[in-house]
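Have a go at each task, then walk through the solution.

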Amino acid sequence: MASDTHGAEEAGGLVFHPMDQFIVKPLFGGDAIHWYTPTNVTLWMVLAVVAIIGLLVLGTRRRAIVPSRSQSIGELAYGFIYKMVEDVAGKDAVKFFPYIMTLFMFIVTANFLGLLPMSFTTTSHFAVTVVLALLVFLTVTIVGFVKNGVGFLGLFWVSSAPLALRPILAVIELISYFVRPVSHSIRLAGNVMAGHAVIKVFAGFAAIAVVSPVSVVAITAMYGLEVLVAFIQAYVFTILTCVYLKDALHPSH
Amino acid sequence: MASTTSEATSHAADAAHAASAPGMPQLDFSNWGNQIFWLLVTLVVIYFVLSRIALPRIAAVLAERQGTITNDIAAAEELKAKAVEAEDAYNKALADARAEAQRIVAEAKAEIQAELDAATAQADAEIAAKAAESEKAISAIRAGALESIREVAGDTAGEIVSALGGETDAKAVTAAIEARMKG
């Protein structure tokens with residue numbers, strides 16, 4: 001890769017590889033990527049697990065009444081998601097709290113780890129976000145039918161609308177229901193990927209001496225924005241999960 | 001990538017690179033299986049760590065803290081009630097003491113007044129007695145003086161009459177003196 005760029009610069013042109021940071025590579029050499037091959041995806045996911053364990057398990061090991069800093073952050077995350085589940089999805093959704101907490105912690109940790117220079121952002125891959133969104137979609141659908149039986153279909157039958165409109169609305173509702181996992185997953189991966197790619201593009205411009213100060217400022221600004229996006233997208237993913245869960249538990253409009 | 005020695009090979013390498021991978025590595029479906037496998041492993045590990053260790057622990061800590069806070073607040077309320085009670089007792093004692101003091105002052109005043117009245121009355125009685133006594137003495141003196149006048153007048157009149165060579169008629173002198181004294 002480096003030799004490529006070098007060659008291009010010799011040629012006098014600018015070459016951007018903003019998407020190279022997303023390439024999945026085997027961790028220990030070789031070309032073939034089997035389903036079990038440890039790759040950079042594996043590495044950064046393991047780091048996410050380590051970070052989560054460090055924060056929520058090691059950080060709280062003293063069980064202090066007056067919390068330490070790491071314990072405070074852990075409690076803050078716990079309270080934040082717990083309250084979100086309770087407020088948005090209802091009291092009976094609290095048994096799904098560990099599941100939603102898992103999603104939130106994974107996404108927010110992966111997003112922030114992805115902001116480290118030279119890192120690999122697992123949540124920028126549709127393979128990851130689509131699986132996350134499908135897990136939510138399947139959970140919500142299954143829970144909806146188990147809890148409410150056929151009554152779950154009442155979600156698509158807007159009883160407050162005039163009778164003539166209801167079939168049309170039902171079709172729209174049905175379509176929007178199945179579009180949910182698509183928007184749910186593409187929103188997260190798209191936001192993360194776009195920000196990282198834009199930073200890389202600005203970094204590419206830094207090769208021109210005249211532009212480089214502007215480029216550095218722009219990268220700094222983008223990075224600040226990305227820090228915000230990293231949290232907000234995790235938040236959005238989680239709160240949408242709660243909203244969908246509420247639909248499953250209480251399908252009446 | 002192949003080492004590039006000239007512009008041409010560089011372009012060739014770029015072209016090869018572009019051809020081998022699509023524009024977005026995200027859409028290279030050949031490694032989706034790998035990513036999904038590792039994602040599921042990660043999620044399962046996080047889920048078990050959270051649901052078995054981290055979340056119950058944090059919940060316990062939060063509950064314990066809530067309990068501590070509730071207890072402390074209850075204890076504070078109790079102490080506050082006690083303080084209010086003590087203040088009430090203090091105020092009551094103060095009011096009692098004030099009333100007692102007022103009662104004592106009034107009592108003393110009444111006592112003094114009674115003593116004063118008694119002393120005044122006694123003094124009045126004494127003064128009255130003395131006055132009466134004096135009056136008696138004065139009247140006695142006055143009576144004594146009249147008698148003396150009468151005597152002196154009688155004697156003097158007798159002497160004058162005898163000196164003039166008359167016969168002293170004691171009866172007539174006395175009668176004349178009585179008439180004069182009345183007149």
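**Exercise 1. Find the residues with the most contacts inside the largest nonpolar core.**

Step 1: a nonpolar core is a set of buried Ala, Val, Leu, Ile, Met, Phe, Trp, Tyr and Cys residues joined through side-chain atoms within 4.5 Å, where buried means under 20% relative accessible area (1.4 Å probe, protein chains only). Step 2: the largest one holds 59 residues, and Met101(A), Phe106(A), Leu132(A) and Leu50(B) have the most contacts inside it. Step 3: its largest share, 11 residues, is supplied by helix 4 of chain A (a helix is a DSSP run of H or I, at least four residues, numbered from the N terminus).

This is a predicted model, so local features need pLDDT of at least 70 and side-chain atom pairs 80 or more, while totals for chains, interfaces and linings use all residues. Residues are numbered from 1 along each chain as its sequence is written, chains are lettered from A in the order written, and side-chain values use heavy atoms, without hydrogens or water.

**Exercise 2. Work out which residues of chain B Phe106(A) touches.**

Step 1: contact means heavy atoms within 4.5 Å. Step 2: leave out residues up to four places away in sequence. Step 3: from chain B you get Leu39(B), Thr42(B), Leu43(B) and Ile46(B).

**Exercise 3. Identify the salt bridge between chain A and chain B.**

Step 1: look for a side-chain nitrogen of Lys or Arg within 4 Å of a carboxyl oxygen of Asp or Glu. Step 2: the count is one. Step 3: Glu75(A) pairs with Arg65(B), at 2.7 Å from N to O.

Definitions and conventions: Buried < 20%, exposed > 50% of the residue type's maximum accessible area, 1.4 Å probe, protein only. Helix = DSSP H or I, 4+ residues; strand = E, 2+ residues; numbered from the N terminus.
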